[in-house]
Amino acid sequence: MMKGESELIHQLDQPNEQWDYCAPNHPSKTLITENRANNPDQRNELSQWVEQVTRQLIEDMPENETEVGLGLQTSGTSTMTPALLGELRPMKIARRNSSEDIGEHQQQQHQWNSNTHDDHHLARDETGVKGMSGLDDQGLNLITLLLECAVAISVDNLGEAHRMLLELTQMASPYGPSCAERVVAYFAKAMASRVINSWLGICSPLINYKSVHTAFQAFNNISPFIKFAHFTSNQAILEAFHRRDRVHIIDVDIMQGLQWPALFHILATRMEGPPHVTMTGIGTSMELLIETGKQLSSFAKRLGMSFEFHPIGGKTGEIDISTFKISRGEAIAIHWVQHSLYDATGPDWKTMKLLQQLSPRVVTLVEQEIALGGSFLDRFVGSLHYYSTIFDSLGAFLESDDSSRHSVEHGLLYREINNILAIGGPARNGEDKFRHWRSELSKNGFMQVPMSTNSMAQAQLILNMFPPAHGYSLVQGDGTLRLGWKDTSLFTASAWTTPNSR
């Protein structure tokens, strides 16, 4: 247990606020907490480059060759998500060899820098971005070429895309000193997979779940994002289970169940006595589910808590409600930490239908602030900004040769990037994903339960576990909690219930 986690568990044990689920029109209160960042207005260096170069590339496209509308939010603590980019007409890209290409890009970039020098100077003055003064041609060349490659892929110009990808793989390394180089290296690798898949008609690689879980644990150790998801959700579940003696937790994608021991500890020691806890763990690897069940059962036994575990192999949306062993009088909590590693739920509309049938007392949802639906170019622009921001956050305090950082970038973030760009999308799997589950839950009869002040306290304690120079931002508003880096939201936690909840 890391230093500070005992404080989190103690905080969970504080008196619960009233479980109020009858106020869907709760007042909106926004509280922004910067984790002692040097400058609260400071923008992300790499992600700002991405925004500027993307905008410039789109603006430079001839009107008769593209019909693109790029909408990027740039103010406040917000999510930088692209507007629908529309359909692109084929770009006329002259054929050239690598050396000519590099020279031409440098020449174009020199002109671009000349045209935008005043804008960059103004951006530095207004936002206080020290890193912008270090904006180098190589980083901009890499990002610009990556964007041009994405455009080529979006219009099925695979030959030209392949040529640019060969160049990118020679120019960028995942072990590079700059975040820009590392991001481009992983995006180029994912886009190369997409090009090969397009030629071969192969879309679904085998997943080594054990290596994914190892990287997930490393991410939990070096970044607050996973802990934020776990402890804020635990607090909402604890409040929903107040004075209930039979509870049932359904984890949509349980993995190793890292978050549950802390909740079990509080449930086992609560004043009214421990409840009987049933847990249903859903996942695609039955072997790992059984191992997770054994670990949780052993922990519950040491606490003297009545506990049973039921593993269900498969995707949530493809599971029939009769598969769940629901007992009369159980208070049900459904927990879902979303990720982009693989499709854990199947068809979203089927998952929604199952949630409605289960009538949970609470649904705890932690969403990545990234749209997984839409066209390839939609997903590319959104994911490039999103993962540039995460790479920024890791690079701010970890050296380029740090083994944990590389484990997370290669074993987790790259897999997500690859899944979004090379595997996902309605053109490949025949289905479009919900852009935001929060809005879909509201449309389908669920009522939002405002995240409590105790949940906010949990999140703040989590940030206090990390060095003070970090630029993590915590926002409470609209009944949710949002955690991000600088002014970009990355994860949003919310809680929901139904009128006829169990």
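Salt bridges and a helix crossing

Me: Where do Arg405 and Glu409 lie, and how many residues apart are they?
Reply: Both are in helix α13, four residues apart, which is about one turn of the helix. This is a predicted model.

Me: What do Arg405 and Glu409 form?
Reply: A salt bridge, with the closest N and O atoms 2.9 Å apart.

Me: Is Arg405 buried or exposed? And Glu409?
Reply: Arg405 has 2% relative accessibility, so it counts as buried, the cut-off being under 20%. Glu409 is also buried, at 0%.

Me: How many salt bridges does a search of the whole structure find?
Reply: The search finds 10. One of them joins Lys315 and Asp343, at 3.9 Å from N to O.

Me: Which parts does that pair tie together?
Reply: Lys315 is in the loop between β4 and β5, and Asp343 is in the loop between β5 and α11, so the pair ties together parts 28 residues apart in sequence. Lys315 is partly exposed at 26%, and Asp343 is partly exposed at 27%.

Me: What about Glu369, which residue does it form a salt bridge with?
Reply: Arg438, with the closest N and O atoms 3.1 Å apart. Glu369 sits in the loop between β6 and α12 and Arg438 in helix α15, 69 residues apart. Both are buried.

Me: Back to α13. At what angle do α7 and α13 pack?
Reply: About 125 degrees, with their axes 8 Å apart. The two helices are therefore oblique to each other, and their crossing is left-handed.

Me: Which residues of α13 make the contact?
Reply: Ser404, Arg405, Ser407, Val408, Gly411, Leu412 and Arg415. By class, the contact of α7 with α13 has eight nonpolar, four polar and two charged residues.

Methods. Residues numbered from 1 in each chain as written. Predicted model: local features only at pLDDT ≥ 70, side-chain atom pairs only at ≥ 80, totals over all residues. Heavy atoms only, no water. Axes fitted to C-alpha atoms, helices over the stretch in contact; angles between N-to-C directions. Parallel < 35°, antiparallel > 145°, perpendicular 65-115°, else oblique. Left-handed = near helix turned anticlockwise from the far one by under 90°. Contact = heavy atoms within 4.5 Å. Nonpolar A, V, L, I, M, F, W, Y, C, P; charged D, E, K, R; others polar. Salt bridge = Lys/Arg side-chain N within 4 Å of Asp/Glu carboxyl O. Buried < 20%, exposed > 50% of the residue type's maximum accessible area, 1.4 Å probe, protein only.
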